[in-house]
Amino acid sequence: MRIISVVGYKKSGKTSLVEKLVGALGRYGRVGTVKHVSGDGLSLGGTDTDRHIRAGAEVTVAVSRDELVKFVSGAGLRGALDELCDDGMDFAVVEGFKDSGLSKISIGLESDRLDNVVKHVDAGQDFDDELISELVRLTLAEREYHTLKSLIRRVRSNPMIRYAGAIGSFTGIVREVTGDVSTRGLEFEHYEGVAEERMEEICSELRAREGVVDVRMYHRTGWIGPGEDILYIVVAASHRDQLFSVLREAIERLKVEVPIWKKEYTDRGEFWVEGEKG
């Protein structure tokens, strides 16, 4: 899934731009959206659904004849993006969240006060076809975002999956406690484009192995907290022996060959880890 965020002042035209982007990106795949709602939460006006939530339900799903709405307690932007990715979206257009680390289209805001602005649009500017085409190109160039479920879906969509007898996965997470050291989080950096290219080269080489149907990798970057996911590797193969050997090799090769660097934040201090990238 490729993600772009539209940020700007209230009534700056954010929603109108989101509408046009959704329509344009829909020609390239499935599109989901995330809307930042100001205030403490969504008001349900004392409905029965609201009573479920107030009673303490962590997840409440409201279903009508043709619609489904899911309310999740304690979920933020990351949770919303994971939901869209799990649902098989190819694109996510986010309205708001100007303090996020997402790539942003800024409407009227001073770009030097925001991170990761890929396009500045003047307030009141016409959202014409030329601008929308440019924004679509920028979105298509964004780094893909994956969850484990979306990566497995990608493997299952391979036409050769009919030759597979098993799908196996590896998920690397942030270990909070190592001996007597507590980790507050990890920060990963990578060479833009180079890391993805090397991971794809590894996957391509492993796909050539006898009995291997598909291999996919995804490594998150930026700040990752304790217990959160860092890395996904998914392998489909004819037999389990082929699957396990390739899965292990994929893990070890990624750690050695892919240019991703890790900084640890612990109760003993902060430091870059040498000789280990994942």
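Strands S1 and S6 pair in the parallel sense, with four bridges between them. The model described here is predicted.

S1 is mostly covered, as five of its seven residues are buried. In general, strands of a sheet pair through backbone hydrogen bonds, in either the parallel or the antiparallel sense.

The phi angle of lysine 11 is near 60°, a positive value in a residue other than glycine. Lysine 11 counts as exposed, at 79% relative accessibility, because the cut-off for exposed is over 50%.

Serine 100 is buried, with a relative accessible area of 13%. A polar atom of its side chain lies 3.3 Å from the backbone nitrogen of leucine 102.

Phenylalanine 97 is also placed in the loop between S5 and S6. Phenylalanine 97 is not a glycine, although its phi is positive, at about 65°. At 24% relative accessibility, phenylalanine 97 counts as partly exposed.

**The three-strand sheet**

Another part of the model is an open sheet of three strands in the order S8-S13-S11, with antiparallel pairing. Strand S8 (166-173) and strand S11 (212-219) stand at the edges, each with a single partner strand, so one side of each has no neighbour in the sheet. From one strand to the next, the twist averages 10°.

S11 and strand S13 (residues 229-237) run antiparallel and are joined by seven bridges. Methionine 217 stands opposite isoleucine 233 in S13. In a regular strand, the side chains alternate between the two faces of the sheet.

**Strand S12 and the residues around it**

A search of the whole structure finds three aromatic pairs. One of them is formed by tryptophan 223 and tyrosine 265, with 5.2 Å centre to centre and 65° between the planes, an edge-to-face arrangement. Tryptophan 223 lies in strand S12 (residues 222-224) and tyrosine 265 in strand S14 (residues 260-266), so the pair ties together parts that are 42 residues apart in sequence. Tryptophan 223 counts as partly exposed, at 45% relative accessibility, whereas tyrosine 265 is buried, with a relative accessible area of 12%.

The loop between S12 and S13 holds proline 226. At 35% relative accessibility, proline 226 counts as partly exposed. Leaving aside its neighbours within four places in sequence, proline 226 is in contact with Val174, Glu176, Thr183, Arg184 and Gly185. Isoleucine 152 is 74 residues from proline 226 along the chain, and the C-alpha atoms of the two are separated by 24 Å.

**Cysteines**

The count of disulfides comes to zero. The sulfur of cysteine 85 has its closest cysteine sulfur in cysteine 203, 16 Å away, which is too far for a bond because a disulfide needs the sulfur atoms within 2.5 Å. Cysteine 203 is likewise in no disulfide, the nearest cysteine sulfur being that of cysteine 85. Both cysteines count as buried: cysteine 85 at 1% relative accessibility and cysteine 203 at 2%.

**Accessibility of selected residues**

The table collects the values for residues discussed above.

| Residue | Relative accessibility | Class |
|---|---|---|
| Lysine 11 | 79% | exposed |
| Cysteine 85 | 1% | buried |
| Phenylalanine 97 | 24% | partly exposed |
| Serine 100 | 13% | buried |
| Cysteine 203 | 2% | buried |
| Tryptophan 223 | 45% | partly exposed |
| Proline 226 | 35% | partly exposed |
| Tyrosine 265 | 12% | buried |

Notes: Residues numbered from 1 in each chain as written. Predicted model: local features only at pLDDT ≥ 70, side-chain atom pairs only at ≥ 80, totals over all residues. Heavy atoms only, no water. Buried < 20%, exposed > 50% of the residue type's maximum accessible area, 1.4 Å probe, protein only. Polar contact = N/O pair within 3.5 Å; in protein donor to acceptor, adjacent residues only side chain to side chain. Pairing = 2+ DSSP bridges. Helix = DSSP H or I, 4+ residues; strand = E, 2+ residues; numbered from the N terminus. Axes fitted to C-alpha atoms, helices over the stretch in contact; angles between N-to-C directions. Phe/Tyr/Trp six-rings, centres within 6.5 Å; stacked < 30°, edge-to-face > 60°. Contact = heavy atoms within 4.5 Å.
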